[in-house]
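Student: Could we go through this model together, beginning with the ligand and then turning to the helices and the loops?

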Amino acid sequence: MSIISPLAQSLTPYVPGEQPRTDIPWIKLNTNENPYPPSPAVQPAIEQAIAHLPLYPEPTSRIVRQAVARRHGLTEQQVFIGNGSDDVLALCFPAFFQGQELPVRLADITYSFYQVYAALFGVPAETCPLDDAFQMPVDAFCQGPCAGVLLTNPNAPTGLSLPLCAIERVLQAQPDCLVLVDEAYVEFGAQSAVGLIDRYPNLLVVRTLSKSHGLAGLRVGYAMGQPPLIQALTSIKDSFNSYPVDRLAQAGAAAALADDAYTQHCCRKITHTRAWFTQALRERGFDVLDSMANFVFARPADGDAVGLQAYLRSKGILVRHFDAPRIADRLRISIGTDCHMQALVEALDAR
Ligand SMILES: *Cc1c(COP(=O)(O)O)cnc(C)c1O
């Protein structure tokens, strides 16, 4: 008998990218944050909300749901708001997968938090390998019954995207289970599945303000789907934490979502930087996958990703390495400003 539960003892938690001390001027390209500040509309909105902090926030984040609905041409009843998309993803496990007896299906190389949630909620997981070109195993996702499919588009850490027709193929092959499309990086060039929501009652699209809106520190994410899916998520939320999104976060998120022109402007700058940086790496012998995200997944010519990561760190540049089968010879490098990426290229040339 132990004070600590068998579950807590058994968990292998997710390890987030390093958040270093901010008093050293790191060039931080290890957690896919946006190098640009959030919309100028965010600060006054948050300041105004301060006066209302004695009161609990609106439990369903109504002003954020309205802003999401307006942005995507949906109704408020088709939107769920969470404390970051990680919170939304976690709630999906009890809402859709727990107790289904079948496994959730996901790629072997994808966002590693899904496996952590599966273990936490006691949901079996079935991994399907990406092919040799790191493409999503769409056929495997379609074959046979499962409790749900977890699909990241574009995928992380590869950055490769799927066309909508591939996602539709999965939606049609698995009409009785939830197909979750995690679109954390979709604003950097991939096709969104949001337009399919009215046709597929089994589709849930999850997004975050952390990458495209420069608000990783505010912790707001959202899910979009038909009302029964949103109701299931709400009922799980209200059985766990009624107020996951605070007043400051609601005010800031609503303001950021309303300023779509600013978001598009920042995302365009990042995709422009990504294009020349990809080319610069390829000219230096790297194998770089065609990224549709705000990062690239690159293999140095000698395959010594760990050595290169340590070297870049010595130059004040942080990048991410995953010590996992098939990808240990690669680094995931977030796209910063032109200036950040130039500094990285200069460091490569000085090695
Ligand atoms: C960053 C990321 C998330 C988490 O986003 P938060 O909203 O910051 O919790 C979810 N899914 C993927 C694929 C991500 O890369």
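Student: Which of the 13 residues around the ligand come nearest?

Tutor: This is a predicted model, in which local features need pLDDT of at least 70 and side-chain atom pairs count only at pLDDT 80 or more, while totals for chains, interfaces and linings use all residues. Residues are numbered from 1 along each chain as its sequence is written, and side-chain values use heavy atoms, with hydrogens and water left out. A residue counts as near when one of its heavy atoms lies within 4 Å of the molecule. Of the 13 residues around the ligand, those that come nearest are Ser85, Tyr185, Thr208, Ser210 and Lys211.

Student: Which helix gives the most to the shell around the ligand?

Tutor: Helices are DSSP runs of H or I with at least four residues, strands are runs of E with at least two, and both are numbered from the N terminus. By class, the shell has four nonpolar, five polar and four charged residues (nonpolar being Ala, Val, Leu, Ile, Met, Phe, Trp, Tyr, Cys and Pro, charged being Asp, Glu, Lys and Arg, and polar the others, Gly among them). With three residues in the shell, the helix that gives the most is H4, residues 85-97.

Student: How far from an oxygen atom of the ligand is the polar side-chain atom of arginine 219?

Tutor: A polar contact is a pair of N or O atoms within 3.5 Å; within protein, one must be able to donate a hydrogen and the other to accept it, and residues adjacent in sequence count only if both atoms are side-chain atoms. A backbone N or O atom of serine 85 lies 2.6 Å from an oxygen atom of the ligand, and a side-chain N or O atom of aspartate 182 is 2.7 Å from a ligand nitrogen atom. For arginine 219, the distance from its polar side-chain atom to a ligand oxygen atom is 2.7 Å.

Student: Why is H4 described as roughly perpendicular to H8?

Tutor: Axes are lines fitted to C-alpha atoms, for helices over the stretch in contact, and angles run from 0 to 180 degrees between N-to-C directions. Angles under 35 degrees count as roughly parallel, over 145 as roughly antiparallel, 65 to 115 as roughly perpendicular and the rest as oblique. The axes of H4 and H8 (residues 227-237) are 9 Å apart, and the helices pack at an angle of about 100°. That angle makes H4, relative to H8, roughly perpendicular.

Student: At what angle do the axes of H10 and H12 cross?

Tutor: Contact here means heavy atoms within 4.5 Å, and the residues of H10 that meet H12 include Trp276 and Phe277. The axes of H10 (residues 260-283) and H12 (residues 338-349) come within 10 Å and cross at roughly 5°.

Student: Where is proline 154 found?

Tutor: The peptide bond from asparagine 153 to proline 154 is cis, with omega near -5°. Proline 154 is found in the loop between strand E5 (148-152) and helix H7 (164-173).
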